[in-house]
Amino acid sequence: MPPRKSTREKRVTDSVPAEVEPATDVWDDGPVEGLLSPAEVDEARQTLERFLDGLGTAILGQQELLELVVICVLSRGHMLLEGLPGLGKTELVKALSSLLGLDFRRVQFTPDLLPSDIVGSPILEDRDGSRSLVFHKGPIFANLLLADEINRATPKTQSALLEAMQERHVTVMGESHPLPLPFFVLATQNPIELEGTYPLPEAQLDRFTFKIDVGGVSAETLQEIITTRRHGQSPKLKETIDAAALNRLFDLTDRVHLPEAVSNYIARLVTATHPERDGSPQDVGRFVKFGASPRAAIALATTARAAALLAGKPNAGFDEVRRVAHSVLAHRLILDYAARLEGWTPAKMVDRLLETVSEVAREVPADLQA
Amino acid sequence: MNPQNPMDRWIERHLARLEFGRFLRHTAEWLAAFLFVFGAVVLGVKLALPNFWPGVLWLGLLAIPVCVAAWLRSRNARFSRTDSAAMLDQALGAGGLLMTLAECRDARWEERLPQAEAAWREGIPRVRPSRFARFLVLPLMFAVGAGFIPLRKANTEPILRNTVGRKASRDLEEMLDQLEDVAVLEEKERKQLEEEISKLTEETKKNPLTHEKWEIVDSLRERMRVRLDSAALEAAKARDATGLLSKDLAGDGPPLSDERKIELEKDVIETLRKMMKNGAFKGASQNLRDELQRLTKNGQLKLPDDPAERQKLLDELKEHLDQEWEKLEEARKKCQGGQQGDCPLCGKGDCKGGQCQGHGHGNRPGRGGVNRGRGDANLNLDGDSDAENTEFKNTVLPPGFLDDPKNQVLGVRRVTPTVDPAESAVRGAKRKYDPASGRETWNRRLRPRHRSVVKKYFETK
């Protein structure tokens with residue numbers, strides 16, 4: 001009889017699904033040489049248009065929302081969709097997984113959900129007469145995780161996602177388990193049902209690249225939905241972008257050039273969200289309690305690149321930064337109670353920041369302006 | 001960087017335009033400050049330090065270093081190429097492509113940039129000199145206006161001290177000149193006056209006039225005036241006497257008594273003698289002088305006995321005396337400074353017909369009276385009349401007094417003056433109760449009935 005191994009010596013077996021592609025080095029921050037060629041940009045543009053068309057088939061009348069989702073996917077960021085029930089948040093994520101051909105898991109967050117229900121847990125197994133703890137992966141081991149109604153889980157469970165979202169691996173019993181790449185967390189939450197919910201902590205919110213408010217649709221769109229979907233069933237979607245094409249898009253996104261002036265604008269924009277910093281707008285000083293983190297600046301830059309690729313440009317410009325600023329910054333600004341009394345919302349504060357902070361650090365002198 | 005590349009060329013142009021604009025801005029601001037300071041300095045020099053004008057204008061050359069400093073300042077905070085590319089990118093609406101290509105050259109994308117020259121030109125900011133000139137308008141006006149402020153003239157004349165005393169001395173000298181012109185002074189007296197006045201003038205140059213010196217000034221002035229007045233009166237008297245004698249000789253008018261004729265003749269001869277002694281006939285006709293010379297024997301002048309010859313001489317004398325009297329009157333007016341009238345007695349001008357109306361008695365210093373004058377007249381407080389004051393003093397009648405037809409001459413008494421008018425001038429008069437006499441006024445005993453009067457007199461109203 002073989003000697004019994006101690007708990008520490010127990011072997012933890014990683015049961016990675018065979019169909020999941022091994023992780024590629026998508027976080028290589030090495031120098032990117034040369035601009036994208038017009039052909040590369042056109043190729044990406046065509047692929048993304050197909051992708052958008054597919055999403056548009058599933059989600060009607062939400063073009064802006066869909067573009068933001070695509071931008072978030074291209075930037076490999078996590079997304080928090082907030083909206084009323086029935087607006088198609090879950091449907092959007094399901095369509096996304098279908099079109100990308102990625103491994104998709106859905107977890108319905110409830111108050112009794114435990115962290116191990118998400119990340120997995122080691123289970124004692126008897127194999128060939130010997131017992132060992134075998135790690136059984138949870139639903140987080142997927143490319144696309146839908147955390148439905150994430151604010152219904154307890155903070156303990158919510159925090160189980162922290163490491164996974166940032167580090168792209170989970171650690172169980174001292175053992176790190178890499179997640180399949182790409183890895184996206186797409187969470188939804190209902191803003192009106194506060195009873196029995198646990199608002200996401202700031203650290204958790206900060207890990208979401210985008211927080212997108214899903215709004216209603218127009219009457220024309222509703223009529224189209226009624227006409228084309230008798231039982232609310234979404235159309236069957238075919239895979240539009242495979243893993244290789246997605247990696248290619250990631251690569252192209254990384255090669256989108258971010259000019260120095262634009263990066264300077266992003267830095268000044270994020271700095272201006274801090275009330276204690278010199279040069280921040282007066283309203284920020286009055287109503288903002290905590291500003292955006294450096295992670296927000298990184299997210300702004302990355303998503304601006306993705307937005308530029310989606311727009312068919314080899315570079316990000318000020319327009320792209322302004323386009324993604326609301327989705328990136330709004331959920332990262334912590335306003336104080338005075339702001340609520342004065343009717344200020346994070347979105348309004350971002351608007352004020354975009355009005356106040358000039359795009360170019362030094363503008364044309366007033367005497368030279370027309 | 002390829003300088004031939006249009007994009008680079010436009011970025012450089014944009015950058016140069018920005019730098020030029022900043023330079024203009026700094027120059028305008030600094031020049032405005034400089035012009036204000038320069039104008040203030042010019043103003044200060046013109047008003048406080050006129051000796052530095054117009055040398056202060058050389059400070060205007062400091063405008064050159066000011067411009068150089070502004071240029072250096074604009075270079076120290078110059079725009080970067082990144083800034084310029086970003087601004088130009090915004091102006092062109094290139095969506096960041098220009099910024100990107102400025103950092104990463106790629107010919108494939110440069111074709112996507114605006115190709116039209118006009119589009120690039122529109123993106124270049126325009127320099128409007130009028131905007132910068134606005135800064136300079138007000139300071140420039142101030143500086144130029146300061147240049148037109150009149151220069152304050154420094155007083156180069158030496159400061160005269162004791163101007164009042166000098167003027168008094170000068171007035172005395174002028175009076176003496178007048179008296180010499182009309183020949184009313186004897187040689188001895190003239191020298192004496194001249195000596196006293198020159199002495200006074202010398203003392204006045206060194207020290208201001210003291211109270212004692214002012215007394216001397218007043219005394220000399222009064223003395224000369226009196227001399228002039230008496231000469232005028234004598235001339236008038238002689239003229240009138242000549243006229244009366246001439247009329248009498250011609251049988252025109254009331255006949256004169258023999259005594260009166262003798263009296264008038266004596267007056268005329270006495271006056272002529274004095275005038276001849278003083279040299280008052282220097283201005284007379286040669287014929288008259290010869291005639292007078294002929295009539296003078298042993299120092300005694302006598303009018304001719306021949307009626308025709310006498311008549312002719314009297315007419316010539318009257319004419320000459322008229323001229324002399326007019327000269328004397330003119331001299332008197334000048335000596336009185338035009339402040340007093342023609343009357344030699346009272347000094348008023350409204351004594352008509354040559355008759356003194358009695359003005360001034362008691363109103364002029366030293367003339368006594370009941371007013372609040374200087375009070376240096378002799379006081380008689382014992383209640384008894386002074387023996388001297390019981391008689392009227394002999395006074396010289398004003399000219400023409402005797403010619404008034406309404407008056408009836410009862411008699412004319414010729415009395416030799418016992419008091420020399422010059423010596424009896426007010427200032428020079430000895431005072432009975434002056435401090436030097438040891439009998440001060442305050443030390444005297446007043447009768448009780450007079451005390452209230454004296455007390456009331458000196459009371460302040």
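Buried area is the accessible area, taken with a 1.4 Å probe, that two parts lose on being put together, summed over both. The model on screen is predicted: local features need pLDDT of at least 70, side-chain atom pairs count only at pLDDT 80 or more, and totals for chains, interfaces and linings use all residues. Residues are numbered from 1 along each chain as its sequence is written, chains are lettered from A and ligands numbered from 1 in the order in which they are written, and side-chain values use heavy atoms, with hydrogens and water left out.

**Stop 1: chains A and B**

Color the two chains separately. About 2400 Å² is buried between chain A and chain B, and carbon and sulfur atoms give 60% of that area. How many residue pairs are in polar contact between chain A and chain B? The count is eight, with both residues at pLDDT 80 or more. A polar contact is a pair of N or O atoms within 3.5 Å; within protein, one must be able to donate a hydrogen and the other to accept it, and residues adjacent in sequence count only if both atoms are side-chain atoms.

Now select helices H1 (38–58) and H10 (260–271) of chain A, the elements that give two or more residues to the side touching chain B. Helices are DSSP runs of H or I with at least four residues, strands are runs of E with at least two, and both are numbered from the N terminus. H10(A) has the largest share of that side, three residues.

**Stop 2: two helices of chain A**

Select H13 (residues 318–329) and H15 (residues 346–356) of chain A. They pack at an angle of about 145 degrees, with axes 9 Å apart. Axes are lines fitted to C-alpha atoms, for helices over the stretch in contact, and angles run from 0 to 180 degrees between N-to-C directions. Show side chains: A:Arg322, A:Ala325, A:His326 and A:Leu329 of H13(A) meet A:Ala347, A:Val350, A:Asp351 and A:Leu354 of H15(A). Contact here means heavy atoms within 4.5 Å.

**Stop 3: two loops of chain A**

Go to A:Pro182, in the loop between strand S8 (175–178) and strand S9 (184–189) of chain A. A cis peptide bond joins A:Leu181 to A:Pro182, with omega about -5 degrees.

Finally, select A:Asp128, in the loop between strand S4 (120–127) and strand S5 (130–137) of chain A. Its phi is near 55 degrees, a positive value in a residue other than glycine.
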